[in-house]
Amino acid sequence: MLPPLCTSIMRPSLCLFPQYLLLFVKTPVFIAMSAFDQIQIRLNLFREDEVCLVSQNCTDDRKEAMQELRWDVLAALPKALPLFRGMWITSCIAHDLPYFSTLKIIGNKTFAEVFHDWYYDCDYLQVIDTSMEPRNCSAYGINPQALKY
């Protein structure tokens, strides 16, 4: 069921999208994802974009298209998050992130430390990798692979 407050102030169909729905969700939400999510690239751009991304041989035009998708992803995130919301956004080429990893991908904290700080301290926490380029994060245990489905 969609939140009645959402459907009362905007078209109900918009309330299905996270950038609108999250404004009305009262439970704690922690968003952890890559701004260069392989599945989002494949579904919103082309399969060839995902292939060149994994093999790291994209043309400048394709890189620009992926950077635009990154901006769209970041623009869709809620701007004013209440204290019970947190975010951890990487620039890794990946769909699955190793949340259990002890490696520090952004800044000087692991995902587990960022999540812990948010969950237990109720800190307003928004950690977003500022890299405009998709990153091969295999050194962090995130190995981009051509996805099959």
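Which helix does tyrosine 119 lie in? I looked this up and found tyrosine 119 in helix α6, where helices (H or I, at least four residues) and strands (E, at least two) are DSSP runs numbered from the N terminus.

Before going on I noted that this is a predicted model, in which local features need pLDDT of at least 70 and side-chain atom pairs count only at pLDDT 80 or more, while totals for chains, interfaces and linings use all residues. I also noted that residues are numbered from 1 along each chain as its sequence is written, and that side-chain values use heavy atoms, with hydrogens and water left out.

**Overall layout.** I found six helices and three strands in the protein chain, following the pattern α-α-β-α-α-α-β-α-β along the sequence. Of the 149 residues, 40% are buried, that is, under 20% relative accessible area, with exposed meaning over 50% and partly exposed in between (1.4 Å probe, protein chains only).

**Strands.** I read β1 and β2 as paired in the parallel sense over eight bridges, a pair requiring at least two bridges found by DSSP, and I saw valine 29 standing opposite arginine 85 in β2. Seven of the nine residues of β1 are buried. β2 also pairs with β3 in the parallel sense, over four bridges, and here glycine 86 stands opposite leucine 125 in β3.

**Helix α6.** In this helix, residues 111–121, I listed Phe111, Val114, Asp117 and Trp118 as buried. Seen down the axis of α6, these buried residues fall within an arc of 135°, so they line one face of the helix; the arc is taken from the directions from the helix axis to the C-beta atoms. I then asked what covers them, and the cover includes β1 (29–37), β2 (85–94) and β3 (125–128), with contact meaning heavy atoms within 4.5 Å.

**Back to tyrosine 119.** Tyrosine 119 counts as partly exposed because its relative accessibility is 46%. I found that Phe115, Tyr119 and Tyr120 make a nonpolar surface patch of about 340 Å². Accessible areas come from the Shrake-Rupley method with a 1.4 Å probe, and for residues only the protein chains shown count as cover.

Notes. Patches are made of residues with over 30% relative accessible area and no salt bridge: like charges are joined within 9 Å, nonpolar side chains (Val, Leu, Ile, Met, Phe, Trp, Tyr) within 5 Å. A salt bridge is a side-chain nitrogen of Lys or Arg within 4 Å of a carboxyl oxygen of Asp or Glu.
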